[in-house]
Amino acid sequence: MKAPQVGFVSLGCPKALVDSERIITKLRAEGYDISNSYDDADLVVVNTCGFIDSAVEESLDSIGEAIAKNGKVIVTGCLGSRDNNILEKHPQVLEITGAHALEEVVSAVHKHLPQPHDPFTSLVPPEGIKLTPRHYAYLKISEGCNHRCTFCIIPSMRGDLVSRPVNQVIAEAKRLADAGVKEIMVISQDTSAYGVDLKYAEYPWQGEQIATRFTALAKALGELGIWVRMHYVYPYPHVDDVIPLMAEGKILPYLDIPFQHASPRILKLMKRPASTQNNLERIQAWRKVCPEITLRSTFIVGFPGETDAEFEELLDFLDAAQLDKAGAFKYSPVDGAVANQLPDPVPEAVKEKRLARFMAKQAEISAQRLQQKIGKRDWVIIDEVVEEGAVGRSRADAPDIDGLVFIDNATHLTVGDIVQVEFEDADEHDMWAHLV
């Protein structure tokens with residue numbers, strides 16, 4: 001008997017991707033097959049994003065495409081918390097759930113595509129079903145966020161911070177490492193707040209008690225012998241404690257830390273956590289402890305009320321901070337965001353000009369910092385082998401958002417290999433190297 005086929009469309013950030021992996025793992029364990037085409041699927045699950053207007057439009061378009069090409073569609077994810085928006089455009093959807101709603105999605109699949117009689121028709125590996133390549137994976141340590149940044153509606157979609165017990169997180173990481181994963185990206189809405197909701201409770205792991213705390217988790221993951229990369233880290237004071245782990249080679253010397261702006265007034269209007277910290281002094285201190293550290297950040301330009309002088313303050317911050325990598329977004333008035341009510345919205349044309357100036361400034365800084373690496377050596381993980389050679393990422397590069405390293409004539413390598421290279425050339429994003 002042919003197993004029922006479920007199609008899956010996963011949109012949005014890595015946190016949503018992990019939700020998709022968990023849903024697919026559950027469905028596979030129950031005997032469902034996952035289809036890669038609308039034609040073969042008996043129904044389709046669309047995991048949506050609703051963070052900014054462009055993401056909402058992409059989600060609604062994807063739902064429409066699934067309805068047109070298949071007809072039976074279940075919607076989940078962040079946009080699911082705004083079901084009226086979905087039903088207004090696509091009243092044909094079968095069910096709608098919110099974000100990280102594993103049981104609700106699976107129940108909806110059961111309702112519209114009955115569960116196979118034999119739940120053991122598909123064997124699921126211990127690490128679960130992954131949508132990433134086999135050599136790297138995302139490790140989600142918590143859901144939700146306790147902050148109420150005025151530009152963000154994530155808490156209304158995903159709720160307050162809910163941390164996973166630390167022994168469960170480490171156990172999942174170990175299963176991934178045992179399955180051959182070479183690199184783990186630690187993700188959440190607020191990684192450095194990990195455990196605050198559990199009052200940093202201790203849990204047993206391999207004969208000792210470990211606190212559900214950012215630093216303790218970093219230390220434990222650092223013992224697995226694989227690359228560990230930290231994302232979405234807010235600059236709380238205790239972040240300083242993980243920098244020595246980077247200097248010791250326990251975890252990758254990489255911090256993805258969303259500063260969002262440099263103007264104290266704008267940060268206050270944003271209600272950003274840790275906005276009173278002297279971030280430039282912190283950056284200098286981190287680089288003193290770990291000179292190899294790579295700093296990535298994201299910023300918003302054109303926030304309501306942002307003056308020309310405050311935007312110049314942001315550009316001055318880029319000059320002073322010399323961040324290795326930074327991206328920016330124009331402020332988007334997402335439905336439900338408190339910042340929409342602030343006075344003095346910035347005209348769209350001004351936002352565009354500021355975004356262009358920001359990206360040009362950062363491209364110049366990134367190019368200069370990459371030029372400084374020419375002639376130096378680093379480790380690279382291989383993502384792809386092509387006719388000309390191998391394509392990988394250094395310790396300074398996360399998948400999908402950072403640069404690549406091209407290694408000519410290295411066709412003998414395989415995906416997942418970690419090799420040492422010497423850098424030969426660079427532009428503002430990527431580098432070229434040869435094997436050592």
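**Exercise 1.** Leaving aside its neighbours within four places in sequence, which residues is R369 in contact with?

*Solution.* In this predicted model, begin by placing R369, which is found in helix α12, residues 348–371. Next, consider its accessibility: R369 has a relative accessible area of 19%, and because buried means under 20%, R369 counts as buried. Finally, list the partners beyond four places in sequence, which are R287, Q322, L323 and D324. Of these, Q322 follows helix α11 and has a positive phi, near 50 degrees, while L323 is among the residues with the most contacts inside the largest nonpolar core, which has 55 residues.

**Exercise 2.** Determine where the buried residues of α11 lie around the helix axis, and what covers them.

*Solution.* First check the helix itself: α11 runs over residues 308–321, and its 14 residues should span 20 Å at 1.5 Å a residue, which agrees with the 20 Å between its end C-alpha atoms. Then collect its buried residues, namely E310, F311, L314, L315, F317, L318 and A321. These cover an arc of only 150 degrees around the axis, and therefore lie on the same side of α11, whereas D308 and A309 are exposed on the other side. The cover over the buried residues includes α9, α10, β14 and α12.

**Exercise 3.** Decide whether P114 is buried or exposed, and locate its contacts.

*Solution.* P114 lies in the loop between α4 and β6. Its relative accessibility is 58%, so P114 counts as exposed. Beyond residues up to four places away in sequence, P114 touches P4, Y32 and V109.

Definitions and conventions
Residues numbered from 1 in each chain as written. Predicted model: local features only at pLDDT ≥ 70, side-chain atom pairs only at ≥ 80, totals over all residues. Heavy atoms only, no water. Helix = DSSP H or I, 4+ residues; strand = E, 2+ residues; numbered from the N terminus. Buried < 20%, exposed > 50% of the residue type's maximum accessible area, 1.4 Å probe, protein only. Contact = heavy atoms within 4.5 Å. Core = buried A, V, L, I, M, F, W, Y, C linked by side-chain atoms within 4.5 Å. Expected span 1.5 Å × (residues − 1). Arc of directions from axis to C-beta.
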